[in-house]
Amino acid sequence: MKKSDVLIIGNGISGLFAACIAADRGKKVQILSYGAGTLTIGGGIIDVLGYTDEGRPVTDPVQAMGQVNPTHPYAKVGSDTAKKALNTFLKITNEEGFPYIGSPNKNKWIPTAIGNFKPSCLVPRTMDSDVVFKTSNILVIGFDTMKDFYANMVTKNLKKRLDSDKSIKEFTVTLNFEYGKDLRDISAMDVARWLETEQGHVSFVEQVKPHIKKDTVIILPPVLGLDPNYKVLDSLEKDLSCSLVEVSSLPPAVTGTRLTKMLNSYAKKRGVQVIEKAHVVGAKVVNGKCKSVITEGFDRQREFYADQFILATGGIYGGGIIAKIGALTEPIFNIAIDVPKVQTEWSHKQLFADKKQIFAQYGVSVDENLIPLTAEGKQVASNVKVVGRSLAGYDFCYEKSGNGVALITAYKAAAAFCGEA
């Protein structure tokens, strides 16, 4: 019987980061992975806390954690642990040669794919937006036949939000992809692959360079290479003699793909074993402790044993929470989530309300040690911790905190299993 020290269910950002933390401390770690994880369709940036419950922008995310409500995951972790988690993430990005920039104590304002700005805390260097506010000339670059990015709309909205003395123009790069002529959708992934080639690099520079003036910054979709490095960014900035800034965009997300590759690389160097296509369908809990979890494939069931377990399976979208009429359930430990029987009470009438959505805050309730609780408030299993999007008590979309909660709770869970408070 093979047995891990720490078994992690889920390979999104919280599962991978928890694995890195535990493996760094000498633990034998396994990840059970089912699917690619939602990290690959996320923005790849670390939003920690962008807005208060009242909708006011947050300047210092770590400091603002002191004002969150008692059910919020940050209230169970604390600001000191949060800061350790975020600084550890920065250290990992440095070691992997893909350093992120930013500080746990300061939000940056990142341009979005529609020309707005959103607060985020830690971002790759391709999204260093400070130059956007200092420059005189902004050139928004679009690509013909590419979906989900419209340079003219970005330009129009940037003009509304930035100083009127800035020159903001757009230019569309011609791709001439053969498959684009067949009306196939061209995504940011296709353009990123193209820019990694010498042909794509030369074509981009030749088309864009005539439009560069002194003190120009280029804003473009996230297409500066698929791998976690800055080769494409650095070479284009050198040949164009200006800064380039990627926007935060819709899926499929090149930036999320880079972050996934980087965390997987770090984890595997430290001996973390990732078992793919492992659909966990249940758990065995004996005398208040989890002994094993059970996976189910097309041929048979398998049982995986460990001393400690971390549940990082995500929310409703990622399959970590199952919704039925009038009921929500965490399916592996069969935890019933307390929700109104009448489903119309799960949400405000306006989907994009000026307050947190009710359904977005549903999830698994935990104690101060992130151990899951039943509806009656009893521990489900003392050696299980829940992290990331499965947790109750926050609306990641409204407050801009998704990857921040994932990293910070993953750090607390993994460090605690390694003997740290």
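A search of the whole structure, a predicted model, finds 17 salt bridges. Several of these were examined together with the exposure of their residues.

D227 is partly exposed, at 34% relative accessible area. K261 also counts as partly exposed, at 36%.

R125 and D234 form a salt bridge with a closest N to O distance of 3.3 Å. R125 lies in the loop between β6 (122-124) and α5 (130-134), and D234 lies in helix α9, so the pair ties together parts that are 109 residues apart in sequence. R125 is partly exposed, with 31% relative accessibility. D234 is partly exposed as well, with a value of 35%.

A salt bridge also joins R56 to E54, where the closest N and O atoms are 3.6 Å apart. Both R56 and E54 are exposed. Elsewhere, salt bridges link D24, K91, E95 and R270 in a network.

The surface also carries a nonpolar patch, formed by I114, Y150 and M153. Together these residues have about 270 Å² of accessible area. I114 is located in the loop between β4 (108-111) and β5 (117-120). Its relative accessible area is 41%, so I114 is partly exposed.

Three strands form an open antiparallel sheet in the order β15-β16-β17. β15 (322-324) and β17 (335-337) stand at the edges. Each has a single partner strand, so one side of each is left without a neighbour in the sheet. Neighbouring strands are turned against each other by 30 degrees on average, direction ignored. Strand β16 (residues 327-330) pairs with β17 over three bridges, in the antiparallel sense. L328 has I337 of β17 as its bridge partner.

Two non-glycine residues with positive phi were also examined. S241 has a phi of about 55 degrees although it is not a glycine. S241 is placed in the loop between α9 (231-240) and β10 (243-246). With a relative accessible area of 63%, S241 is exposed. K400, likewise not a glycine, has a positive phi of about 55 degrees. K400 is found in the loop between α11 (396-399) and α12 (402-417). K400 counts as partly exposed, at 22% relative accessibility.

Conventions. Residues numbered from 1 in each chain as written. Predicted model: local features only at pLDDT ≥ 70, side-chain atom pairs only at ≥ 80, totals over all residues. Heavy atoms only, no water. Patch = residues over 30% accessible without salt bridge, like charges linked within 9 Å, V, L, I, M, F, W, Y side chains within 5 Å. Areas by Shrake-Rupley, 256 points an atom, 1.4 Å probe, with all protein chains shown as cover. Salt bridge = Lys/Arg side-chain N within 4 Å of Asp/Glu carboxyl O. Helix = DSSP H or I, 4+ residues; strand = E, 2+ residues; numbered from the N terminus. Buried < 20%, exposed > 50% of the residue type's maximum accessible area, 1.4 Å probe, protein only. Pairing = 2+ DSSP bridges. Axes fitted to C-alpha atoms, helices over the stretch in contact; angles between N-to-C directions.
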